[in-house]
Amino acid sequence: MKIGVYPGSFDPVTNGHLDIIERGAKLFDKLIVGVLINNNKSPLFSLEKRIEFLEYSCKGIPNIEVESFSGLLIEFMKNKNAKTIVKGLRAVSDFEYEFQMALMNRKLNPEIETIFMMTNNKYSYLSSSLIKEVAKFGGCVKGLIPEIVEKELYKKI
Ligand code: PNS
């Protein structure tokens with residue numbers, strides 16, 4: 001069984017993430033969305049909420065599982081018998097950090113491969129942090145995040 005993992009903080013999930021999830025799911029028998037627990041960034045949404053948003057938004061895709069993890073990604077992958085990390089690339093600015101992480105993960109476990117998917121150009125400027133900032137100052141984020149997230153984001157902020 002070909003299992004991939006798409007890891008991230010998903011604080012909150014954006015339509016850019018969902019685009020990668022939908023396309024990534026077609027490449028694997030199962031794609032696990034790995035939600036990071038130990039996040040130094042002190043997330044706006046609790047782990048439970050971040051998972052709920054993802055599960056709700058992915059309910060039409062049968063081969064997606066949403067799971068949390070802490071510690072090293074490659075340990076999580078080993079436990080799940082997954083061999084491929086899926087990452088989205090938005091712009092050149094993402095490249096350096098992603099390249100570093102991919103090489104470190106390969107050093108830690110040479111059997112794990114990282115694949116990069118180009119983001120949909122509709123969402124190439126999107127990030128969870130930018131969404132939170134725009135919402136905080138009353139800007140409109142309609143069409144950039146799932147509706148369920150939009151409602152809760154404004155309530156929260
Ligand atoms: O959405 P993010 O915050 O950009 O995701 C970053 C994430 C979760 C993919 C990365 O921080 C990660 O893999 N963390 C787990 C800890 C780990 O394995 N660190 C070493 C990576 S080289």
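Buried means under 20% relative accessible area, exposed means over 50%, and partly exposed lies in between (1.4 Å probe, protein chains only). This is a predicted model, in which local features need pLDDT of at least 70 and side-chain atom pairs count only at pLDDT 80 or more, while totals for chains, interfaces and linings use all residues. Residues are numbered from 1 along each chain as its sequence is written, and side-chain values use heavy atoms, leaving out hydrogens and water.

**Exercise 1.** Describe the salt bridge between Lys78 and Glu75.

*Solution.* Start with the rule: a side-chain nitrogen of Lys or Arg lies within 4 Å of a carboxyl oxygen of Asp or Glu. Here the N to O distance is 3.9 Å. Helices here are DSSP runs (H or I, at least four residues) and strands are E runs of at least two, numbered from the N terminus. Finally, Glu75 is partly exposed at 37% relative accessibility, and Lys78 is exposed at 56%.

**Exercise 2.** Work out where Arg23 and Asp19 sit and how accessible they are.

*Solution.* Both belong to helix 1 (residues 15-25), 4 residues apart. Arg23 counts as partly exposed because its relative accessibility is 29%; Asp19, at 10%, is buried.

**Exercise 3.** Which elements does the Glu98 and Lys87 pair link?

*Solution.* First, their side chains meet in a salt bridge at 2.8 Å, N to O. Glu98 is in helix 4 (residues 92-108) and Lys87 in strand 4 (residues 84-89), 11 residues apart. Both Glu98 and Lys87 are buried.
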